Amino acid sequence: MTNKQGEAVMHKETPGRFGSFGGRFVPETLMHALTELEDGFREAMDDREFQEELKSLLAEYSGRPTPLTLAEGLTRYAGGARIYLKREDLNHTGAHKINNTLGQGLLAKRMGKKKLIAETGAGQHGVASATVAALLGMECKVFMGEEDVRRQRLNVFRMQLLGAEVIPVTSGTRTLKDATNEAIRHWVSHVEDTFYLIGSAVGPHPYPEMVRQFQRVIGDETRAQLLLKEGRLPTDVVACVGGGSNAIGMFAAFVEDADVRLHGVEAAGAGLDTDRHAATLSKGAPGVLHGSLSYLLQDEHGQVLPAHSVSAGLDYPGVGPEHAYLKDSGRVRYTAATDREALEAVQLLCRTEGILPALESAHAVAEAVKIAHEGSPEDIVVICLSGRGDKDVETIHRELEGSGDATD
Amino acid sequence: MQPIDQAFQQKEGQRLIPFVVAGDPTSQVTLDLLHLLQEEGASVVELGVPYSDPLADGPLIQEASERALRQGMNLTKVLELARTARERGITLPLVLFTYYNPILQFGPERLVQEARAAGINGMIIPDLPWEEGKELADLAARQGVYLIPLVAPTSKERIRKIVRGARGFVYCVSSLGTTGIRQNFAQGVEEFLETVRQESPVPTAVGFGISAGSHVEYFLRHADAAVVGSALVREIALHQEALQDKDKRAAALDSIRGFVRGLIPAAPVKS
């Protein structure tokens with residue numbers, strides 16, 4: 001908080017703060033459940049049996065550890081630093097989201113909850129939640145904006161195949177923001193028997209910390225794999241940021257290594273100089289959304305503004321509070337890639353590596369190529385390839401073939 | 001005496017706290033409604049500040065907020081509206097019902113000063129729990145504005161610390177869920193209300209779901225006031241066009257007046 005009068009009343013001692021960001025800005029009805037959740041989470045993290053079960057599922061069910069692939073073709077293209085890809089796209093269900101849903105799903109089971117609810121934008125977290133619910137024998141409701149239901153019909157069907165109920169949300173902008181509002185409203189009504197499985201590093205405490213802990217397997221593996229392959233740490237680590245769960249999981253393992261440069265890439269949509277983007281950290285201001293204080297796209301009266309990105313997973317006007325802290329502390333550099341740059345990066349990775357990345361991950365690829373180009377062969381750039389692009393094929397096709405204008 | 005405290009010294013067993021969204025459907029209609037509510041003997045009025053993401057609210061208040069936002073309503077204009085209401089003879093206590101983010105952008109310190117100057121007597125912030133709101137509560141109290149705390153059936157051992165320093169009244173949430181119209185309330189709601197009443201140094205009000213005179217009568221046995229929001233908002237929505245038409249306005253207001261009258265018990269309810 002630098003330019004807002006809000007600073008005077010910020011609490012520094014309330015739980016779950018990252019600097020002045022984070023906290024618990026939720027209806028009183030949920031406060032008891034959040035305390036219970038925090039206690040349950042801490043106990044689980046200290047419980048060897050829980051850890052073993054999670055580790056086993058990550059390995060035997062999701063296929064971890066995911067490879068760290070030297071991208072020789074992309075390295076040649078960039079003409080500078082060597083580029084590695086952390087292959088979260090090779091997880092079961094096709095993205096990093098499953099790391100977190102397995103963790104929270106097991107926690108729900110441990111806490112005796114049999115009903116899961118989740119919000120989803122493009123459907124990746126919804127699919128990962130439905131998957132875990134099926135695996136653990138739980139009921140699952142997924143809240144999804146009506147607009148996204150329309151755009152992602154196949155993922156809706158996929159969730160239904162997995163036994164989940166998809167609830168279209170018709171309020172507000174009918175996208176991820178409103179799906180999250182509706183999931184919170186449902187949780188307030190059913191808080192006593194329902195576990196809310198949040199998919200990104202957002203929400204009230206302890207969610208941002210919990211999601212980071214369940215996602216840090218990405219960074220921990222990357223660190224160990226690179227030390228084994230190269231005997232050293234990377235020069236640069238690049239990840240895309242919507243709510244920021246893959247990025248925070250990746251950064252968590254490197255944040256203490258002052259020599260490792262960390263880069264978070266937001267969605268610049270049609271451009272940062274337009275009002276059609278989702279670059280919350282670059283263009284937003286501190287505010288409260290979905291239970292925590294972080295950066296937020298909003299107008300002067302504190303009304304939340306709609307976001308835009310070609311990638312549904314980044315199309316969100318908020319961002320995890322730990323990212324807000326890492327931005328203000330200067331530890332992480334946050335930048336943004338446009339829709340057009342992301343679409344170009346999709347094609348580039350397809351042709352140089354034979355890998356179709358998710359549109360979200362393509363934002364990181366676009367920035368990493370610029371960084372690698374400036375580097376030398378002694379430098380190592382790691383990209384968090386958070387998901388595969390099969391889900392985006394229709395969108396990519398429409399954007400590239402359809403309008404001829406990649407920005408809309 | 002602070003007007004809210006004064007309101008709780010009168011009309012025991014018949015206290016009604018209506019809620020309206022400021023600017024739904026227009027500021028002028030809100031002013032008309034404030035006069036109506038004052039004439040009908042409301043104890044306090046909650047003035048809702050419309051917000052883009054009202055996550056404690058059900059569909060009726062969400063839609064009312066959207067209507068008001070389309071009119072260009074915002075926190076600054078709600079304060080202007082309150083000031084106008086005071087100039088035009090509204091003396092009943094006014095409580096802002098607003099989400100936290102608009103306050104954060106306005107500046108909490110500036111807000112409590114301008115709220116006081118506009119004649120606002122209290123604030124209810126549904127997404128600002130006790131832990132996060134302590135400093136704002138003190139800031140507001142220094143201006144003589146009360147930050148009304150909320151307690152819910154799930155608050156359990158939290159009730160004591162929440163109500164300890166309460167000013168004005170304590171807002172008891174009747175049931176798990178959002179605002180709206182409902183027929184069933186949380187199991188054990190009577191026990192919950194009696195617990196809060198016992199712990200609280202100030203009077204209690206109960207809200208969420210209360211939508212008929214019979215509900216008001218029932219709840220006034222266990223609380224000092226009853227809040228009616230969504231049901232009134234629905235009445236306003238039903239008459240929104242007539243309320244803006246000078247030929248039909250009087251009839252529409254009469255219809256709403258009939259509804260409000262039906263909410264207040266004819267004789268004081270004994271607790």
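**View 1. Chain A and its buried residues.** Of the 408 residues in chain A, 65% are buried. Keep in mind as you look around that this is a predicted model. Chain A is built from 16 helices and 14 strands, and its C-alpha atoms fill a box of roughly 55 × 50 × 45 Å along the principal axes. How does the radius of gyration of chain A agree with that of a compact globule? A compact globule with 408 residues would have a value near 22 Å, and chain A has 20 Å, which agrees. Among contacts in chain A with a separation of 6 or more, 74% are between residues 24 or more positions apart.

**View 2. Where chain B touches chain A.** Here 46 residues from chain B meet 43 residues from chain A. Together the two chains bury about 3600 Å², and carbon and sulfur atoms give 52% of this area. Three residues to look for are B:Leu55, B:Gln105 and B:Glu132, which supply 20% of the area that chain B buries against chain A, more than any other three residues.

View 3. The side of chain B that touches chain A has 22 nonpolar, eleven polar and 13 charged residues. How many salt bridges cross the interface of chain B and chain A? The rule finds three. In one of them, A:Arg17 pairs with B:Glu132, with N and O 2.5 Å apart.

**View 4. A salt bridge between A:Lys177 and B:Asp53.** The closest N and O atoms of this pair are 2.8 Å apart. A:Lys177 sits in helix 8 (residues 176–189) of chain A, while B:Asp53 lies in the loop between strand 2 (45–48) and helix 3 of chain B, so the pair joins two chains.

**View 5. Two salt bridges within single chains.** In chain A, the side chains of A:Lys391 and A:Asp392 meet with N and O 2.8 Å apart, and both residues are buried. In chain B, B:Lys248 and B:Asp245 form a salt bridge at 3.9 Å, N to O. B:Lys248 is partly exposed, with 48% relative accessibility, and B:Asp245 is partly exposed at 26%. Also in chain B, salt bridges that share partners link B:Glu39, B:Glu40, B:Asp254, B:Arg257 and B:Arg261 into one network.

Methods:
Residues are numbered from 1 along each chain as its sequence is written. Chains are lettered from A and ligands numbered from 1 in the order in which they are written. This is a predicted model: local features need pLDDT of at least 70, side-chain atom pairs count only at pLDDT 80 or more; totals for chains, interfaces and linings use all residues. Side-chain values use heavy atoms; hydrogens and water are left out. Contact means heavy atoms within 4.5 Å. Buried area is the accessible area (1.4 Å probe) that two parts lose on being put together, summed over both. A salt bridge is a side-chain nitrogen of Lys or Arg within 4 Å of a carboxyl oxygen of Asp or Glu. Ala, Val, Leu, Ile, Met, Phe, Trp, Tyr, Cys and Pro count as nonpolar, Asp, Glu, Lys and Arg as charged, and the others, Gly among them, as polar. Helices (H or I, at least four residues) and strands (E, at least two) are DSSP runs, numbered from the N terminus. The radius of gyration is taken over C-alpha atoms; the globule rule is 2.2 Å times the number of residues to the power 0.38. Buried means under 20% relative accessible area, exposed over 50%, partly exposed in between (1.4 Å probe, protein chains only).
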